[in-house]
Amino acid sequence: MQADLYFSFRSPYSYLGAARYRQLTQEWDLQIRLRPVYPVAIRNPGFFKAVNPMWVDYLMKDVQRVAEYTGQPFRWPRPDPVVVDRETMTFPDEQPYIHRLTWLGVAAARRDLGLEFAVEVSNYLWGEGVEDWPSSLDVPVTRAGLDLSELEAEVDADPDGFDAEVSANQDAEEACGHWGTPCLVVDGEPFFGQDRIDMAVWRMQQKGMVRR
């Protein structure tokens, strides 16, 4: 069984579901392909001005609650993967972290280690809460079985190509009927959110997925 996982490195819910997605591949005869996408703050910068003002407050409460419920450590990354002016909720054009981080995820996925990269890197940012994580990103990347310098060299050689691949991932997710993260897509059917993992398993069992 194969499935695509649309994943954002700035999505707290992506972090909260990452280890569970990896666990599925260990328990079931299942391959999950990571397809990194940009967060909504980059894809739609006006989103936070248009959304109900209560949305952000609820989000912050909910992700902390989910983390407590599942027993996962949680802290917003420092620095934030997306640079934001919190007073105006605007996002400057200069974004030193999120594009590169997403492209590194694409490079890892090309090596069939995308899910490992997503688990280790997101846990490093959100779970371990490492200060100044960009300066020590080699730590989680090594844990994922990859060489950061090798990934960076590939990204530096073709940034436009990586950006195009991320855009293609976003288009593919929307073609399946969704836009959010994390989103597991099985035969074109989207299961949005880490709280839909059990339902995705149920559907894949219907399609013949068996335990390892």
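**Close-up views of rings, cis peptide bonds and positive phi**

**View 1. Phe-117 is buried, at 0% relative accessibility.** Buried means under 20% relative accessible area, exposed over 50% and partly exposed in between, with a 1.4 Å probe and protein chains only. The model is predicted: local features need pLDDT of at least 70 and side-chain atom pairs pLDDT 80 or more, while totals for chains, interfaces and linings use all residues. Residues are numbered from 1 along each chain as its sequence is written, and side-chain values use heavy atoms, without hydrogens and water.

**View 2. Aromatic pairs.** Rings of Phe, Tyr and Trp (its six-membered ring) pair if their centres lie within 6.5 Å; planes under 30 degrees apart are stacked, over 60 edge-to-face and the rest tilted. This rule gives 6 aromatic pairs. Phe-9 and Phe-117 make an edge-to-face pair, with 5.6 Å between centres and 90° between planes. Phe-9 is in the loop between β1 (2–7) and α1 (12–27) and Phe-117 in helix α6 (residues 114–127), so the pair ties together parts 108 residues apart in sequence. Helices (H or I, at least four residues) and strands (E, at least two) are DSSP runs numbered from the N terminus. Phe-9 is buried, at 1% relative accessible area. Ring pairs also link Tyr-15, Phe-74, Trp-76 and Trp-126 into a cluster.

**View 3. A cis peptide bond joins Arg-78 and Pro-79.** Its omega is about 0°. Pro-79 lies in the loop between α4 (54–70) and α5 (98–110).

**View 4. Asp-112 has a positive phi, near 60°, and is not a glycine.** Asp-112 sits in the loop between α5 and α6 and is exposed, at 66% relative accessible area.
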